[in-house]
Amino acid sequence: MLKWFGVVLLLGTAAPVMADCLDAGSIDKGVTFRRSDGHRGTAIRKGDQIVIDYAAENGVREDLRRAVLGIYEEETSQLLIDEPSMGAGSFVEHRKFAGALPVPVAGQNWLAKVRLHRKTDNPSIDPKDLKDQDFRMRVTYHFLPEITGAISGCQYRAIPVEAQMTDGSWVQNQRWLYFPDLGFGLETKLDGVTAKVVAMTAR
């Protein structure tokens, strides 16, 4: 009896919040979010890309991504002044995927070939490395079993997506949560640094 009372009480207190829960059309008008690294961000659909600003709280730090479905990143522009290994320079990267980009389906995998063009402009980097660089990469995407969890008082289905990108000499590991009912995903981990999505609302 007490157990059922607790469920009813939780549903009763959560009801007013549910009106602000996201749906499939929310990304067209824009979404705001906060991650566990303390940074706030925004996401909005622009054409066939989701434009995600992972550092929208001020004009000092920049972390802007243009990604199909929020996970297949085609353009990245960063200025990570609070990252000691990066110093205060900028970083721009373009990726061109071979083939059609699949919508994540839990339990499936996808192996992709990617052409990557990278340019850095950072005074903390050796001058000989300040140049355009081109790489041919392989990326393996793993679409993990679906989970359900609460963010900002709302329940969302999510498919964790893990990717490992390599050219044979270096490796980048990345993780997102893709929300199938919302049509986009957000990064939650990059090269061992976790930044979970802890809040998400409509703009």
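User: What counts as a helix or a strand here?
Analyst: Helices (H or I, at least four residues) and strands (E, at least two) are DSSP runs, numbered from the N terminus. This is a predicted model, in which local features need pLDDT of at least 70 and side-chain atom pairs count only at pLDDT 80 or more, while totals for chains, interfaces and linings use all residues. Residues are numbered from 1 along each chain as its sequence is written, and side-chain values use heavy atoms, with hydrogens and water left out.

User: How many helices and strands does the protein chain have?
Analyst: The protein chain has 2 helices and 14 strands.

User: And what share of the residues is buried?
Analyst: Of the 203 residues in the protein chain, 39% are buried. Buried means under 20% relative accessible area, exposed over 50%, and partly exposed in between (1.4 Å probe, protein chains only).

User: Where is leucine 69 found?
Analyst: Leucine 69 sits in the loop between β4 (62–68) and β5 (72–79). The hairpin of these two strands has 3 residues between them, and leucine 69 takes a positive phi near 60° there.

User: Buried or exposed?
Analyst: Leucine 69 counts as buried because its relative accessibility is 16%.

User: Which other residue has a positive phi?
Analyst: Serine 152 has one, near 55°. Serine 152 lies in the loop between β9 (147–151) and β10 (154–166), and with 29% relative accessibility it counts as partly exposed.

User: Back to β4: in which sense does it pair with β5?
Analyst: β4 and β5 are antiparallel, with 7 bridges. Two strands pair if DSSP finds at least two bridges between them. Strand β3 (residues 49–53) also runs antiparallel to β4, joined by 4 bridges.

User: Which residues stand opposite alanine 67?
Analyst: Isoleucine 50 stands opposite alanine 67 of β4, and glutamate 73 in β5 also stands opposite alanine 67.

User: New topic. Which strand holds threonine 166, and what is its relative accessible area?
Analyst: Threonine 166 lies in strand β10. Its relative accessible area is 13%, so threonine 166 is buried.

User: What does threonine 166 contact?
Analyst: Leaving aside neighbours within four places in sequence, threonine 166 is in contact (heavy atoms within 4.5 Å) with Met137, Arg138 and Val171.
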